[in-house]
Amino acid sequence: MHTTTMMDDAALQNCIRECMQCVQACNRCYYSCLNEEDPGMMKDCIRLDRECASICFYAADALSRGTPFSASIAELCAQICDACGEECARHEHEHCKRCAEVCRSCAEACRRIAAPAA
């Protein structure tokens, strides 16, 4: 288990910032999907937007407290960001494209926390 004392503070701060940006992008995408012509077709996107926003918010909070579970939380966050990013990338809506981009960036930042360089 990696602890925050072993992490690069800049990488940690970047991850927290990326997580909060992802919360915002997922929430925007979620609300925009609900207003699409056929929100039923967007159900997987909507569900994953909510899952991703929730884990990113929790990850930012936990990482800011220096939890000893940082690596595990960051890895889970990266996995959910990947899933959300993949789903959003399937859609042509601008809010989905933006969300996919932010999710990929957040997943990358989380993986730097989950497996810091030795």
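A: One definition is needed at the outset: two residues are in contact when heavy atoms lie within 4.5 Å. By that criterion, and leaving aside neighbours within four places in sequence, Glu87 is in contact with Asp44, Cys45 and Leu48. The model discussed here is predicted.

Q: What makes up the secondary structure of the protein chain?
A: The protein chain holds four helices and zero strands. Read from the N terminus, the order of its elements is α-α-α-α. The radius of gyration is 14 Å, close to the 13 Å that the globule rule gives for 118 residues, so the protein chain is as compact as a globular protein of that length.

Q: What box do the C-alpha atoms of the protein chain fill?
A: Taken along the principal axes, the box is roughly 50 × 20 × 20 Å.

Q: How much of the protein chain counts as buried, and what share of its accessible surface belongs to carbon and sulfur atoms?
A: A residue is buried when its relative accessible area is under 20%. Of the 118 residues of the protein chain, 47% count as buried. The accessible surface comes to about 6,400 Å², and carbon and sulfur atoms account for 51% of that surface.

Q: Among contacts between residues at least 6 apart in sequence, what share joins residues at least 24 apart?
A: The share is 73% in the protein chain.

Q: How far apart are the mean positions of the positive and negative charges?
A: The protein chain has 12 positive and 18 negative charges, and their mean positions are 2 Å apart.

Q: Why is Glu87 called buried?
A: Glu87 lies in helix 3. Its relative accessibility is 10%, and the cut-off for a buried residue is under 20%; Glu87 therefore counts as buried.

Q: What makes the pair His91 and Glu87 a polar contact?
A: A polar contact requires a pair of N or O atoms within 3.5 Å. The side chains of His91 and Glu87 make such a contact at 2.9 Å. His91 itself is placed in the loop between helix 3 (70-89) and helix 4 (94-114).

Q: Is His91 buried or exposed, and how do you know?
A: The relative accessibility of His91 is 14%, so His91 counts as buried. Not counting residues up to four places away in sequence, His91 touches Met41, Met42, Cys45, Cys96 and Lys97.

Q: Why is Cys81 called buried?
A: Cys81 is found in helix 3. Its relative accessible area is 0%, and a value under 20% is what the term requires; Cys81 is therefore buried. Beyond residues up to four places away in sequence, Cys81 touches Cys22, Cys52, Cys56, Cys103, Cys106 and Ala107. Cys81 and Leu48 are 33 residues apart in sequence, with their C-alpha atoms 8.6 Å apart in space.

Q: How do you know whether Cys22 is buried or exposed?
A: Cys22 has its place in helix 1. At 0% relative accessibility, Cys22 counts as buried. Residues up to four places away being left out, Cys22 touches Cys52, Cys56, Cys81, Val102, Cys103 and Cys106. The C-alpha atoms of Cys22 and Leu12, ten residues apart along the chain, are separated by 15 Å.

Q: What makes Ile16 a buried residue?
A: Ile16 is placed in helix 1 (residues 9-34). Its relative accessibility is 14%, which is to be set against the limit of under 20%; Ile16 therefore counts as buried. With residues up to four places away in sequence not counted, Ile16 touches Ala60, Leu63 and Ser64. Along the chain, Ile16 and Ala114 are 98 residues apart, and 13 Å separates their C-alpha atoms.

Note on methods:
Residues are numbered from 1 along each chain as its sequence is written. This is a predicted model: local features need pLDDT of at least 70, side-chain atom pairs count only at pLDDT 80 or more; totals for chains, interfaces and linings use all residues. Side-chain values use heavy atoms; hydrogens and water are left out. Helices (H or I, at least four residues) and strands (E, at least two) are DSSP runs, numbered from the N terminus. The radius of gyration is taken over C-alpha atoms; the globule rule is 2.2 Å times the number of residues to the power 0.38. Buried means under 20% relative accessible area, exposed over 50%, partly exposed in between (1.4 Å probe, protein chains only). Accessible areas come from the Shrake-Rupley method with a 1.4 Å probe; for residues, only the protein chains shown count as cover. Lys and Arg count as positive and Asp and Glu as negative; His and the chain ends are not counted. The place of a charge is taken as NZ of Lys, CZ of Arg, CG of Asp or CD of Glu. A polar contact is a pair of N or O atoms within 3.5 Å; within protein, one must be able to donate a hydrogen and the other to accept it, and residues adjacent in sequence count only if both atoms are side-chain atoms.
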